Amino acid sequence: MRTDIAQPIRLTDYRPPDYLIDTVDLDVKLDPHATRVLARLTIRPNPRGRAGADLVLDGDSLVPRRIVLDGVALDCAANFVTPDRLTLATPPQRVFTLEIETEIDPSANTCLMGLYRSGAAYCTQCEAEGFRRITYFLDRPDVLSVYTTRLEAEIAEAPVLLGNGNPTAAGMIENTSRHFAVWHDPFPKPCYLFALVGGDLGAIRDEFVTASGRKVALAIYVEHGKEASATYAMDALKRSMRWDEEAFGREYDLDVFNIVAVSDFNMGAMENKGLNIFNDKYVLASPHTATDTDYAQIEAVIAHEYFHNWTGNRITCRDWFQLCLKEGLTVYRDHEFSAAMRSPAVRRIADVRTLRAQQFPEDAGPLAHNVRPDSYLEINNFYTATVYEKGAELIRMLKVLIGAGAFRAGMDLYFERHDGTAATIEEFIACFAEKSGRDLTQFLRWYNQSGTPLVEVAATYDPNAKRLALDLRQSCKKTPGQDMKQPFLIPIEIGLIGEQGETLPLATEGESGASAQELAHGVIELAEAQRRVIFHNLPTRPVISFLRGFSAPVRLAYDVSEADLVTLVAHDSDSFNRWQAAQSYATRLLLRNIDLIRAGKMPEPDMAFIAALKRVLDAGTIDPAFAAQVVTLPGEADIAREIAEDVDPEAIFTARKVLRETIGRELASPLLETYEKLTDTAAYSPDAAAAGRRALRNAALDLYAAGQRDQAKDTGKDQGLALALQQFEQTRFMTDKIAALGVIAARPGAEREAALDTFYKTYASEPLVIDKWFALQAMIPEPETLARVKRLLEHPAFSLGNPNRVRALVGAFAAGNQTQFNAPDGSGYDFIVNAVLTLDSRNPQVAARLLSAFKSWRMLEAERRRLAEAALRQVVGAAHLSPDVKDIAERSLA
Ligand code: TRP
Ligand code: ZN
């Protein structure tokens with residue numbers, strides 16, 4: 001762990017490296033406690049660096065054993081080398097070799113960065129700055145080297161030895177029980193893409209033939225016995241490889257592509273060149289252990305890491321400020337892939353739900369930062385929804401602005417011009433400016449200004465002139481370090497709908513204040529603080545479908561009537577906005593009800609809303625996956641964000657619960673019919689259509705049961721619980737099992753405890769399924785939950801050392817249980833603070849992420865705000881904080 005006094009790193013301070021490392025030859029002798037790493041580096045002065053500068057190599061907690069400069073051994077005890085740094089004061093001003101031998105203890109590595117062990121296997125994680133925990137190096141993404149890795153291990157302990165690139169040699173070491181393997185990666189890469197794996201692993205193998213006919217050997221390595229659960233991931237990999245050829249013209253470039261699944265992993269997965277390492281949660285799936293959501297996530301993460309081969313590996317980032325250059329772009333690419341594999345409309349809704357749930361709160365709180373940050377203390381804390389999800393939205397928006405043709409041409413130019421280099425956002429955007437002929441200077445503000453813009457719309461219809469005037473206005477609240485915002489370039493896709501639901505043309509006749517181009521494409525560009533656009537030839541007042549497809553990551557303030565929302569739900573040709581209209585209606589209703597509840601009154605059912613939902617359920621023509629999205633109400637955090645200040649999580653929860661009960665009661669029979677109609681008797685298939693039917697069926701069960709719980713108060717007979725119990729007992733498939741258990745878990749009592757018990761016993765040998773069991777219990781919205789979670793911390797299946805377990809139990813409580821994390825007595829905050837502090841000495845990255853659950857504390861009502869602030873101050877005041885946790889705590893309070 002680094003102990004330096006923290007100095008912020010600034011984008012404006014960027015300087016090219018003074019030295020370059022052309023080749024890296026590693027010889028790694030794996031050993032549980034004393035792994036020896038011999039690194040042979042070929043170094044030369046960078047013509048673009050400062051001549052004669054010191055060579056300063058990064059290290060992190062390293063033990064140097066031998067250092068040899070051009071054949072001459074240096075004294076390792078001298079003070080030019082510390083655990084964190086190796087400085088050569090006057091290195092040769094020509095090509096020279098530096099040999100460094102370090103010794104590391106992978107078994108003692110609990111932060112899961114650098115070389116560590118997951119179970120009995122050895123693996124590495126080097127992004128962002130983990131390579132310096134393996135050897136001294138210029139640990140920065142703009143130093144690209146060709147790597148050759150020789151691995152050596154006891155053959156019994158690690159029969160499988162994997163590295164980046166292609167295998168070039170392997171064999172036994174004579175007269176020993178050890179063997180070796182040599183891997184060579186011909187593509188120059190930054191050290192964050194280095195990886196190695198050693199262990200006793202099973203594998204499934206396949207082959208892919210690229211568009212130009214090259215054969216690629218594919219393998220996915222898993223724990224012995226889990227091979228069958230990797231077949232869906234393999235299928236997703238082959239589909240990703242094909243799709244990248246078809247959609248982006250990108251072929252794979254090595255002879256092999258290996259994926260390794262490990263159970264101890266800080267994030268989702270890592271795109272190491274030719275050797276992706278995955279959290280096993282994003283590889284392993286069987287119908288009995290994985291839900292449809294898990295399958296969709298596996299497909300997306302497999303694609304994401306594969307797509308990095310071009311967007312991230314062949315073209316990497318100049319510095320970590322450019323992180324969105326690879327992450328935003330690659331998320332955009334995986335979104336497009338999932339849309340192509342599944343229903344584009346449903347994927348878009350899911351992606352926007354994620355953006356709003358994860359990124360909007362970031363932008364609205366103390367942790368707000370640019371998609372391309374301009375300074376950081378700890379880069380690990382910038383692998384955020386803003387960099388990833390908003391970063392992806394910016395690419396999508398760029399495509400809306402310049403059109404699909406210019407977008408593809410710009411991507412092609414980017415791949416051609418920057419292949420083999422470490423690039424910047426400016427260089428990326430320049431490719432699109434060139435191909436579209438547009439000046440994209442203003443668009444770059446999206447990268448350099450944080451905060452979610454607000455677009456206010458006022459519509460005035462003049463029946464005599466048959467004209468509709470739209471007054472658009474944009475603003476953006478100040479965010480940390482940014483008091484003033486320049487206007488963003490906001491593409492707003494728009495449609496007009498007639499009384500019968502027909503599409504009305506965006507009339508070009510007369511003075512409209514919009515360009516012919518804008519009207520032809522239905523995309524209005526809001527570039528100024530305000531703008532007026534007029535539509536002509538409208539004999540009756542049209543209903544406006546605004547921000548179709550969510551064409552820009554903004555918040556919308558538009559005073560549309562509820563009747564118009566109902567029209568949009570029924571008729572909008574843009575599916576996203578049909579869903580959005582239902583969400584907007586529900587949000588309004590909930591906000592109104594929250595005021596009533598806080599005033600001690602009981603809300604009345606809104607029959608127009610109920611009727612709109614009923615039409616969605618009744619229409620036989622609607623895609624079930626889409627219908628499931630429509631009948632799913634906005635989440636508690638979504639509602640909190642709308643309220644934005646003086647938030648009472650309890651009132652939000654109650655309003656949402658009451659509305660769900662109302663829908664369940666009023667629509668009991670259509671919900672039950674939907675449930676029965678969608679009962680699938682066919683064999684399980686994870687495809688999108690079958691998953692969509694299960695999604696709607698389980699949404700119907702959930703709402704129906706909510707209504708029955710309410711009824712049961714009078715009748716004493718809970719039909720919803722009975723139906724859920726029946727599904728729970730009969731199904732063998734995880735999607736339906738966990739959906740039923742969710743309904744059961746919402747009801748305190750013996751049935752719940754018995755079902756939880758049965759579930760545990762059934763899946764005790766499947767840690768990823770037990771994670772669902774932990775999470776489900778952590779999210780029960782009852783005051784007893786905290787005690788339950790504390791009990792579960794002691795459960796034999798729980799381990800503080802495994803990030804998946806921590807996220808499932810502690811993370812789910814903090815992020816997924818609004819009422820109990822925000823318990824009015826502060827007990828939820830205390831619990832999370834204690835967990836963060838305990839975890840911090842072991843795994844700072846996971847601890848810091850857990851602490852970011854406090855990101856929205858400032859919008860809470862006064863008493864909770866006071867308690868949350870005190871909790872954060874307790875963190876700041878604690879001794880021996882990691883830079884990770886300290887940074888999040890301090891920024892949260894700033
Ligand atoms: N680059 C990885 C991805 O998004 C994620 C990643 C970054 C990561 N840092 C990490 C994964 C640390 C594990 C640990 O694809
Ligand atoms: Zn990524």
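Strands, in the description that follows, are DSSP runs of at least two residues, numbered from the N terminus. The model is predicted. Strand numbering is needed at once for Phe550, which lies in the loop between S31 and strand S32 (555-558). Phe550 has a positive phi of about 55° although it is not a glycine. Most residues other than glycine have a negative phi, and most peptide bonds are trans. Buried means under 20% relative accessible area, and Phe550, at 1% relative accessibility, therefore counts as buried.

Asn537 is another residue with a positive phi; its value is near 60°, and Asn537 is not a glycine either. The loop that holds Asn537 runs between strand S30 (530-535) and strand S31 (543-546). Asn537 counts as partly exposed, at 44% relative accessibility.

The peptide bond that joins Glu127 and Ala128 is cis, with omega about 0°. Ala128 belongs to the loop between strand S11 (121-125) and strand S12 (145-154).

The domain assignment of the chain gives domain 1 (1-200), domain 2 (316-448), domain 3 (454-552), domain 4 (560-717) and domain 5 (764-894). Between domain 2 and domain 5, the C-alpha centres lie 30 Å apart. How many residues of domain 2 are in contact with domain 5? The contact involves 12 residues of domain 2 and 14 residues of domain 5.

Ile9 is placed in strand S1 (residues 9-10). Ile9 and Glu378 are 369 residues apart along the chain, and their C-alpha atoms are separated by 8.7 Å. Apart from neighbours within four places in sequence, Ile9 is in contact with Phe321, Asp374, Ser375 and Tyr376. Ile9 has a relative accessible area of 39% and is partly exposed.

Ala422 lies in strand S24 (residues 422-423). With neighbours within four places in sequence left aside, the contacts of Ala422 are Pro141, Asp142, Leu144, Thr316, Cys317, Arg318 and Glu427.

The crossing of H11 and H14 is right-handed. On the H11 side the contact is made by Met607, Phe609, Ile610 and Leu613, which meet Leu659, Thr662, Ile663 and Glu666 in H14. By type, the residues of this contact divide into 6 nonpolar, 1 polar and 1 charged.

H11 also packs against helix H12 (residues 624-631), here at an angle of about 165° and with the axes 10 Å apart. Angles over 145 degrees count as roughly antiparallel, so H11 and H12 are roughly antiparallel to each other. Their crossing is left-handed. Leu613, Val616 and Leu617 of H11 make the contact with Ala627, Val630 and Val631 of H12. The residues of the contact of H11 with H12 divide into 6 nonpolar, no polar and no charged. Leu613 takes part in the contact with H14 and in the contact with H12.

Another helix pair is formed by helix H21 (residues 785-793) and helix H22 (residues 803-816), which pack at an angle of about 160° with their axes 10 Å apart. H21 and H22 are therefore roughly antiparallel to each other. H21 passes H22 in a left-handed crossing. Thr785, Leu786, Val789, Leu792 and Leu793 in H21 meet Leu809, Val810 and Phe813 in H22. This contact divides into 7 nonpolar residues, 1 polar and no charged.

Why is H27 described as largely enclosed by the rest of the structure? The reason is that 8 of its 11 residues are buried. The buried residues are Asp884, Val885, Asp887, Ile888, Ala889, Arg891, Ser892 and Leu893. They pack against helix H24 (827-840), helix H25 (844-851) and helix H26 (862-877).

Technical notes: Residues numbered from 1 in each chain as written. Chains lettered and ligands numbered in written order. Predicted model: local features only at pLDDT ≥ 70, side-chain atom pairs only at ≥ 80, totals over all residues. Heavy atoms only, no water. Buried < 20%, exposed > 50% of the residue type's maximum accessible area, 1.4 Å probe, protein only. Helix = DSSP H or I, 4+ residues; strand = E, 2+ residues; numbered from the N terminus. Contact = heavy atoms within 4.5 Å. Left-handed = near helix turned anticlockwise from the far one by under 90°. Nonpolar A, V, L, I, M, F, W, Y, C, P; charged D, E, K, R; others polar. Axes fitted to C-alpha atoms, helices over the stretch in contact; angles between N-to-C directions. Parallel < 35°, antiparallel > 145°, perpendicular 65-115°, else oblique. Domains from an automatic or database assignment.
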